[in-house]
Amino acid sequence: MDELDIFTMTFVLFCSQKISGHIFNTLTIPTGHTNPMVFYYLCRRIRYMSKNKLSKFADMATYPHVFQTTDFETPDKPHEMKGRWKELFFHNDNPITLELGCGRGEYTVGLARMFPERNFIGIDIKGSRMWTGATEALNEGLKNVAFLRTRIEFITRFFDTDEVDEIWLTFCDPQMKKPTKRLSSTYFLERYRKFLRNNGLIHLKTDSNFLFTYTLYMMETNHLIPTFFTRDLYKDAPTMSLSDNQLKLLQIKTYYEEQWILRGIPIKYLSFALPHEGQLVEPDIEIELDTYRSYSRDKRSALTKAK
Ligand SMILES: C[S@@+](CC[C@H](N)C(=O)[O-])C[C@H]1O[C@@H](n2cnc3c(N)ncnc32)[C@H](O)[C@@H]1O
């Protein structure tokens with residue numbers, strides 16, 4: 001198979017998976033045939049992009065602080081690090097904080113710089129995004145940072161009872177149509193309980209009014225007490241009496257957060273303690289859907305509210 005064949009196949013795959021009808025239309029000339037110049041340009045671009053990703057994956061495979069698993073066939077099989085992160089990797093007894101859906105890992109690395117007496121693990125399924133934070137941590141010689149590439153659904157494979165102290169959820173998808181996929185749903189809270197210490201903190205930072213409201217109802221329904229709460233963090237912060245540590249936390253902004261701020265969307269932030277005891281129930285309430293479209297979120301449905 002010559003080079004162009006490979007590009008053609010990649011291109012067809014790319015089109016079938018990613019390209020919207022609108023962009024696809026720009027690729028065709030009036031006769032209905034593909035414009036060869038645009039086609040050639042995209043092929044070169046795709047080759048560049050995949051090379052870039054491949055070199056990031058190759059880097060990640062050599063990083064001593066990156067743990068990856070593609071074994072999704074055995075979701076219940078404990079990973080060798082389960083219950084042993086402090087002993088085998090951090091070599092200390094400091095508390096562990098997780099950032100779930102960490103993307104480029106701004107919180108994981110930013111918090112690790114600020115709090116050397118704590119340990120941090122960023123978790124995401126997208127290795128090429130995590131590469132940014134993982135590379136920064138390596139270059140800076142940070143010893144209190146690790147990254148784990150897996151699906152959050154399988155998180156109990158990696159952490160044992162009371163092994164984790166705090167969890168950050170940073171700008172995760174609100175999953176307006178799929179309650180069980182929301183990272184603050186009972187589905188996930190029940191999983192977090194299996195490894196979060198009793199009354200360990202969960203922090204949620206989000207642009208989404210839907211996810212924020214849903215999480216507030218979740219807390220109210222289950223009598224979970226907020227330790228911090230604001231619907232407009234950067235407007236409210238100067239008027240709040242914040243501790244030094246809280247002020248430090250405000251200095252970290254993630255990649256997605258910067259995008260939302262540029263679009264004028266207020267950043268919402270809350271934290272609450274999750275106890276081990278008590279049955280967790282889903283809030284039975286309809287919530288207004290977010291009216292704007294995000295970068296990666298699905299097209300909006302005709303619905304205006306969802307549970
Ligand atoms: C909107 S991005 C936010 C990234 C980063 N926290 C930020 O604020 O820039 C959501 C991230 O969650 C990750 N993600 C979503 N669902 C996931 C899952 N089930 N398991 C692992 N990662 C997931 C995505 O790969 C993506 O990097």
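**A mixed sheet, its helices and a ligand**

In this predicted model, eight strands form an open sheet with mixed pairing. Read across it, the order is S1-S4-S3-S2-S5-S6-S8-S7. Strand S1 (66–68) and strand S7 (226–230) stand at the edges. Each has a single partner strand, so one side of each is left without a neighbour in the sheet. Neighbouring strands are turned against each other by 15° on average, direction ignored.

What holds such strands side by side? Strands of a sheet pair through backbone hydrogen bonds, either parallel or antiparallel. Take strand S6 (residues 196–206) and strand S8 (residues 268–274). They pair in the antiparallel sense, over seven bridges. Leu201 has its bridge partner, Ala273, in S8.

Which residues meet here? From H5 come Glu106, Thr108, Val109 and Ala112; from H6 come Gly133, Glu136 and Ala137. By class, this contact has three nonpolar, two polar and two charged residues.

Finally, look at the ligand. Of the 18 residues around the ligand, Gly101, Gly103, Phe171, Thr254 and Tyr256 come nearest. Helix H11 (residues 255–262) gives the largest share of the shell, three residues. The shell has seven nonpolar, four polar and seven charged residues.

Conventions: Residues are numbered from 1 along each chain as its sequence is written. This is a predicted model: local features need pLDDT of at least 70, side-chain atom pairs count only at pLDDT 80 or more; totals for chains, interfaces and linings use all residues. Two strands pair if DSSP finds at least two bridges between them. Helices (H or I, at least four residues) and strands (E, at least two) are DSSP runs, numbered from the N terminus. Axes are lines fitted to C-alpha atoms, for helices over the stretch in contact, and angles run from 0 to 180 degrees between N-to-C directions. A residue is near a molecule or strand if its C-beta atom, placed from the backbone, lies within 6 Å of it. Ala, Val, Leu, Ile, Met, Phe, Trp, Tyr, Cys and Pro count as nonpolar, Asp, Glu, Lys and Arg as charged, and the others, Gly among them, as polar. Two residues are in contact if their C-beta atoms, placed from the backbone, lie within 7 Å.
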